[in-house]
Amino acid sequence: MFLDEQYKLYYTAYSLVTENNYDILHIDEKTDEIWLEKYENKRSRVVRLVHKGFDWKNHLKRDIAHVFQKSKSMKKLTRSKRIDLFNVYVSSHAPVDDWEILKKPMQLKEKNPLKMKIFYLDDEDSYNEFQRLERDLKLSLLIKPEEYSEEVKEKSVMKYKGYLSDFLQRKRKEEQNVFSYGKPYFTYILIAINVLMFILLEMYGGSSSIDTLIEMGAKYNPDIIDGEWWRVVSSMFLHIGFLHLFMNMLAIYYLGTAVERIYGRLRFLIIYFLAGIGGGLASFAFTTSVSAGASGAVFGLFGALLFFGLIYKRIFLQTIGNSILIIIMINIVLGFLVPQIDMGAHLGGLLAGFIASAVVHLPEKGNVKLQFPAVIVYILLVGSIAVFGIGNNLNSQTYQLMQMEQLRMEDKFEEVVSLATDALQLDGEVEGAILFQRSYAYIELNKMNLAIRDLERSIASDSTVPEAYYNLALLYYNDGQLEDANEMITTAYELKPENEDFISLYEEITGEKPR
């Protein structure tokens, strides 16, 4: 009889694994206890098989309570916190008292409650219980131990035990190998390059100097449109301030070491650069300000871990999954709340990193049917972002303002006037700054009346630019409009009282020292 029970137990487990795609969570050969799982429709269907009998209902109830407690620790191994548990007992005899009431579905009152059903395969009612189990699991086990000899059943039990044990060992070895495909060699090199570039920035003008950043290769949209696309890559290695550097290097250290171990060195490097390029292009397309940093590549590493989670769902959720998802959500929320954060680079890097991971795929998991389309998708993605970015910049007042500032520094004042006139026809929120730039060009071109008109319009549009008041005060003063000049220089001084030029002109116009 003992052999029949073992046969039922191990055959059922073997059939669920080999024919019904169940995964093994735990095996205890000493107590003949096996836990299996199948993930479907965002729920985990867990089957617990145990060779154990009870004389009384209360003894069975105590074991059921113990299983409820044990299942809480098993949740760490399952792919979902929502679990349907099928608790299957295999024994020669059932409890002698009225235990069938325990067959009713049970669940605890808690968040994501575990739902349990009891099945008791004893000698007398084994057939009916097997049918009920098959019906609830929606499968056919086709078990008929009575048709086989003792020798056949004994050999079968050994076969099933061996297979299940080997299956579990292979799974554990695979899980260990997942995180050991490469030592984090390139991660440390990338960190060193970023730190070196930061030191060079500080030595040659400072990491917060816009001019130094542009000269060293930061993302500067006018130059990119003029053909300097290499800035999309070079900007990945420049950082604005020590805190910016520290936060990104900390992220690269933790994320990079994980991704490089999972994907291997070469795949990691490809993902890093493809993600950085995607993030840089997205920043170019959606933000006109000068920017730099490895944020696009960092978010690409998040994308690589998400792709890993897609392939190894259970391992991902059991190890780093929840933390990664929480960090990504926090960063996305902060990106929308904090204006200084370059959300284009973050989201572009995240998406590009995910697609790049599909391009290189995981070691020993290559799939040409997925990888080749991923290459096409990546090319289309970066190409469309670049084309959109060019159009978006050319139709942006902010971008046109950046070009005006550059032309003004090159003393190309006629071009400043022409560009400003066209830019004022575009939608935007920097009309005041554009008018100020055109007024400056008019002054240099000795067109003072036009300069005064633009400065008056500039102040009406944006009353927070002290230089506009200063220039207008100077023009009024030279034109003999002393009362208006007095008003303008007073406002300029109030906005920027530490400026020596403002103080000097204030004293000259008012004849008094500022208070």
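Glu-507 is partly exposed, at 29% relative accessible area. Buried means under 20% relative accessible area, exposed means over 50%, and partly exposed lies in between (1.4 Å probe, protein chains only). Lys-513 has a relative accessible area of 64%, so this residue counts as exposed. The side chains of Glu-507 and Lys-513 meet in a salt bridge, at 3.6 Å from N to O. A salt bridge here is a side-chain nitrogen of Lys or Arg within 4 Å of a carboxyl oxygen of Asp or Glu. Elsewhere, salt bridges with shared partners form one network of Glu-33, Arg-48, Lys-52, Asp-63 and Lys-70.

This is a predicted model, in which local features need pLDDT of at least 70 and side-chain atom pairs count only at pLDDT 80 or more, while totals for chains, interfaces and linings use all residues. Residues are numbered from 1 along each chain as its sequence is written, and side-chain values use heavy atoms, with hydrogens and water left out.

**Salt bridges around Glu-129**

The structure holds 21 salt bridges. One of them pairs Lys-103 with Glu-129, at 3.1 Å from N to O. This pair links distant parts of the chain, 26 residues apart. Lys-103 sits in the loop between β4 (83-90) and β5 (106-107), and Glu-129 sits in helix α3 (residues 126-137). Helices (H or I, at least four residues) and strands (E, at least two) are DSSP runs, numbered from the N terminus.

Glu-129 also forms a salt bridge with Arg-132, and their closest N and O atoms are 3.1 Å apart. Glu-129 and Arg-132 are 3 residues apart in helix α3, so about one helical turn separates them. Glu-129 counts as buried because its relative accessibility is 2%. Arg-132 is buried too, with a relative accessible area of 15%. Side chains of opposite charge can pair when their charged atoms come close.

**Surface patches**

Patches are made of residues with over 30% relative accessible area and no salt bridge; like charges are joined within 9 Å, and nonpolar side chains (Val, Leu, Ile, Met, Phe, Trp, Tyr) within 5 Å. Accessible areas come from the Shrake-Rupley method with a 1.4 Å probe.

The nonpolar patch covers about 880 Å². Its members are Tyr-188, Phe-242, Leu-243, Phe-246, Met-247, Leu-250, Tyr-253 and Tyr-254. Helix α9 (residues 242-263) gives the largest share, 7 residues. Leu-243 lies in this helix α9. At 61% relative accessible area, Leu-243 is exposed.

A negative patch is formed by Glu-456, Glu-483, Asp-484 and Glu-487. Asp and Glu count as negative. The place of a charge is CG of Asp or CD of Glu. Helix α21 (residues 482-495) gives the most to this patch, with 3 residues. Asp-484 lies in helix α21. With a relative accessibility of 30%, Asp-484 counts as partly exposed.

Two residues other than glycine have a positive phi. Phi of Asn-21 is near 60°. Asn-21 is placed in the loop between α1 (2-20) and β1 (23-28). Phi of His-361 is also near 60°. His-361 belongs to the loop between α14 (343-360) and α15 (368-394).

Lys-412 is in the loop between α16 (397-409) and α17 (413-423).

Ser-295 is placed in helix α11 (residues 295-311). Contact means heavy atoms within 4.5 Å. Leaving aside neighbours within four places in sequence, Ser-295 is in contact with His-244, Asn-248 and His-346.

The table sets out accessibility for these residues.

| Residue | Relative accessibility | Class |
|---|---|---|
| Ser-295 | 15% | buried |
| Lys-412 | 36% | partly exposed |
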